Amino acid sequence: MSKRGDKLTNKGKRGSRRAATERARSRSSSRSSKRRKTTAAKERGPVWKWTRRIAIWGGAAALLGAIFLVFAVGFAARSIPSFYQLKATQNAQTILVRARDGTEIVELGPSFGEWLEFEEIPDNMKNAMIAVEDKRFYSHFGVDFYRTAGAIVEGFTGSRSRVGGTSTISQQLARNVFLNSNRTIDRKAREAVLAMALEWKFSKEQILELYLNKVYFGGGAYGVDSASRKFFSHPGRDLSVAESAIIAGLVKAPSRYSPTADVNAAVNRAQTVLRLMREQGFITEEEAAVDVATVDLKEQSGQNSVRYFTDWALPQLDLLLPETFAPIEVWTTLDVGMQRAATAAIDANTPDGAQGALVSLDRDGAILALVGGTDYVETNFNRATNALRQPGSAWKLFVYLAALEAGYTPDDRVVDTPVEIDGWRPRNSNGRNIGETNLRTSFAYSINTVAAQLGNEVGFGTVASMARRFGITTPVSTYPSMVLGSSEVRLIDMTRAFAAISARGVGVEPYGITRVQTADGEVIYEREEPRSVALVPDYVVAGMTDLLQAAVQTGTGRAAQIGRPVAGKTGTTSSNKDGWFIGFSSGITTGVWMGRDDAKPVRGLQGGTAPARAFSAYMRYAVKDRAVEEFDTELNLPEWRLEPDEEYLFGDPDDYYFIDEDGNLVEPGRRDPSDNPFDIEGERILGEDRQQNRGTPAAPEPPPAASEDFLERATGGELPDTSRAPGNPRGPQPAARAVQPSQQPPQPPDRGAQPVRVTRPPG
């Protein structure tokens with residue numbers, strides 16, 4: 001037993017030793033492994049350490065970001081209105097613009113049409129929109145990360161093969177309903193959150209229904225039904241494959257691909273949509289081969305250029321109307337036929353690389369046609385109402401108006417000779433001088449030296465005041481060169497000035513809106529006729545019309561002739577940068593401007609060439625239904641403008657009386673002031689008052705007649721006036737005008753004043 005026990009004890013000891021040995025080996029191996037790991041870590045260096053840290057912290061940040069995103073999306077989903085609330089927000093003001101005959105020319109503002117349920121929208125329309133805007137619409141949850149990653153890669157590689165944008169239909173809906181179109185990272189982040197919130201809250205069918213009823217298709221049309229009615233004249237329920245392709249193609253760039261603006265661009269874009277639909281299995285090869293060019297588009301009663309007119313006229317509604325959000329109809333002065341003729345005239349005559357503008361006014365200021373450029377889609381800058389350009393010789397209208405008002409007549413002799421004014425030496429366009437001529441010829445042939453002399457004689461400030469009087473609203477300089485049109489003006493203002501001459505000197509205010517009413521016919525604005533204001537006397541208008549007619553008949557504006565009386569003036573600036581022609585006939589005044597927006601020279605451009613031809617082409621149509629009107633150019637000068645006669649002074653000498661130095665009115669032949677039937681205040685003395693005056697001492701005998709200087713002053717002849725420029729032999733002064741007692745009672749002059757002769761009215 002003891003031996004056996006010893007054996008067992010020995011075995012136990014040996015087992016313990018083996019176990020201890022194994023444990024020692026394990027500890028040694030562990031220490032070796034740790035040493036190897038430590039050595040490997042030391043060999044990897046700090047890169048491995050930072051990579052490991054970034055992975056750990058990046059994972060933690062991603063987890064926190066995911067948690068934050070879930071909370072943000074959930075919070076946004078709770079704040080989004082319900083589906084039925086979003087459907088109900090389809091209200092906005094629309095403006096229907098009508099021409100003067102009531103025809104519809106353009107509809108502006110948002111138009112939503114009829115809301116179409118998901119089942120009512122044609123499958124072709126839904127498939128076309130998904131194919132071109134979001135082909136993974138049914139598989140993503142608001143943001144297409146695959147598409148976004150592809151866009152990032154394309155951005156780095158410079159690839160341009162991508163057809164659409166990175167925004168999904170859900171993102172576009174979020175942007176259209178809740179956000180704006182700013183291209184910022186903040187907006188894109190909020191757009192992504194809202195898109196996922198929409199996916200959280202609504203079904204795919206609801207999102208697509210909202211999108212197709214709210215997305216903008218151009219021309220003020222929101223939703224497929226409004227777009228279908230605008231472009232194809234039928235409801236959105238009846239859209240064909242080709243029509244659906246055209247509408248779906250508009251979302252990317254509504255103004256560029258609009259079929260009413262550029263049919264070719266719309267067709268090419270639609271072909272791209274059909275190809276994508278075929279590639280994604282929505283249509284067959286035969287359906288994709290449809291000829292989009294054969295689609296019947298709704299005929300547009302207005303034109304591209306009509307928008308220049310509406311851009312000018314409609315902002316005035318803010319001043320004319322009370323605040324209203326109801327749909328309204330605006331009745332305007334625009335004539336659709338004349339607008340087409342004006343557009344065609346500008347297109348046909350504007351030089352290559354240049355722009356053209358036209359404004360046409362009726363005799364009361366109503367705008368019949370307005371073209372602000374050659375293509376509104378290309379550039380909507382309105383050159384007819386906003387552009388500031390030098391008018392050249394067209395400005396001479398105001399120089400000659402001032403001269404006519406100062407006493408000149410069209411037949412007066414002037415001298416075309418070299419002139420220098422304060423160091424300025426104007427030259428004629430041909431570089432020559434013709435010597436003595438008359439005012440009519442100098443205006444007809446636009447002689448610069450004569451205009452400079454006239455401006456210097458009447459005063460450059462007087463010319464500037466005349467321009468202001470006739471409606472020039474831009475700054476006007478008073479330097480000598482201003483007589484040749486160095487001050488910048490607007491075409492509409494210059495046309496307005498010429499229209500006042502056509503209106504026989506009465507001021508004209510351009511207007512474009514006559515009436516505004518609500519959709520149910522309630523009139524909320526109607527234009528009232530303004531008070532007429534005469535700007536210059538009739539004889540000045542007659543003389544100016546004579547000059548303007550001569551410029552067209554025999555002068556620089558001969559290309560503007562239309563087979564009936566026309567009066568007008570050309571204008572050309574230095575280096576042919578601007579060309580103008582403004583004129584009138586049969587009550588219609590039209591102004592034409594041509595030039596480059598960058599003010600560079602246009603070869604061969606002169607007022608008497610392309611602008612005059614465009615004027616003629618338009619006016620032949622504009623006046624075709626109007627009676628021929630002859631111009632009144634007869635000068636009926638007032639009495640103070642007539643030359644005095646030694647024996648006949650506007651009537652019988654007994655009809656004159658005098659004012660003595662004491663302020664008493666003394667009739668011819670009366671020596672006793674008691675016989676004077678007027679007192680100092682100009683009132684007749686009757687009865688007892690007259691008898692009382694008989695007892696007053698006799699006054700000194702008045703002079704039997706006036707001096708020659710007095711006669712010259714009283715009859716408007718030559719007088720030594722220092723208020724005018726040297727050498728001006730014309731023009732009455734206010735102190736020399738005769739005053740009729742029936743109009744203005746005589747007032748006593750200051751002591752020592754010279755007697756003033758006053759005419760008595762006949763009878």
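How many residues does helix H22 (residues 538-553) have, and how far does H22 reach from its first C-alpha to its last? The views below start there. This is a predicted model, where local features need pLDDT of at least 70, side-chain atom pairs count only at pLDDT 80 or more, and totals for chains, interfaces and linings use all residues. Residues are numbered from 1 along each chain as its sequence is written, and side-chain values use heavy atoms, with hydrogens and water left out.

**View 1. Helix H22 and its cover.** H22 has 16 residues and reaches 22 Å from its first C-alpha to its last, close to the 22 Å expected at 1.5 Å a residue. That expected span is 1.5 Å times one less than the number of residues. Helices here are DSSP runs of H or I with at least four residues, strands are E runs of at least two, and both are numbered from the N terminus. H22 is mostly covered, with 14 of its 16 residues buried. Buried means under 20% relative accessible area, exposed means over 50%, and partly exposed is in between (1.4 Å probe, protein chains only).

**View 2. The largest nonpolar core.** A nonpolar core is a set of buried Ala, Val, Leu, Ile, Met, Phe, Trp, Tyr and Cys residues joined through side-chain atoms within 4.5 Å. The largest one holds 86 residues, and Trp395, Phe398, Tyr400, Phe470, Met494 and Met544 touch the most other members. Helix H17 (residues 396-406) gives the most to this core, with 9 residues. Apart from it lies another core of 55 residues, including Ala221, Val267, Val273 and Met277.

**View 3. Around Phe470.** Leaving aside residues up to four places away in sequence, Phe470 touches Phe398, Leu401, Arg496, Ala497, Ala500, Ile501, Leu535 and Val536. Contact here means heavy atoms within 4.5 Å.

**View 4. Leu86 and its neighbours.** Leu86 is found in helix H3 (residues 83-88), and Leu86 counts as buried because its relative accessibility is 6%. Not counting residues up to four places away in sequence, its contacts are Pro81, Val177, Phe178, Phe202, Leu210 and Lys214. Take Lys214: this residue is 128 residues from Leu86 along the chain, yet their C-alpha atoms are separated by 9.7 Å.

**View 5. A nonpolar patch on the surface.** Leu63, Leu64 and Ile67 form this patch, with about 310 Å² of accessible area together. Areas come from the Shrake-Rupley method with a 1.4 Å probe, and for residues only the protein chains shown count as cover. Patches take residues with over 30% relative accessible area and no salt bridge, joining like charges within 9 Å and nonpolar side chains (Val, Leu, Ile, Met, Phe, Trp, Tyr) within 5 Å. Ile67 sits in helix H2 (residues 46-79) and is partly exposed, at 40% relative accessible area.

View 6. The structure holds 25 salt bridges, each a side-chain nitrogen of Lys or Arg within 4 Å of a carboxyl oxygen of Asp or Glu. Lys204 pairs with Glu199, with the closest N and O atoms 2.9 Å apart, and both residues are buried. In another bridge, the closest N and O atoms of Glu436 and Arg413 are 3.3 Å apart. This pair links distant parts of the chain, with Glu436 in strand E7 (residues 435-438) and Arg413 in strand E6 (residues 413-416), 23 residues apart. Glu436 is exposed at 53% relative accessible area, while Arg413 is partly exposed at 48%.

**View 7. A salt-bridge network.** Glu114, Glu120, Asp225, Arg229 and Arg237 are linked in a network of salt bridges.
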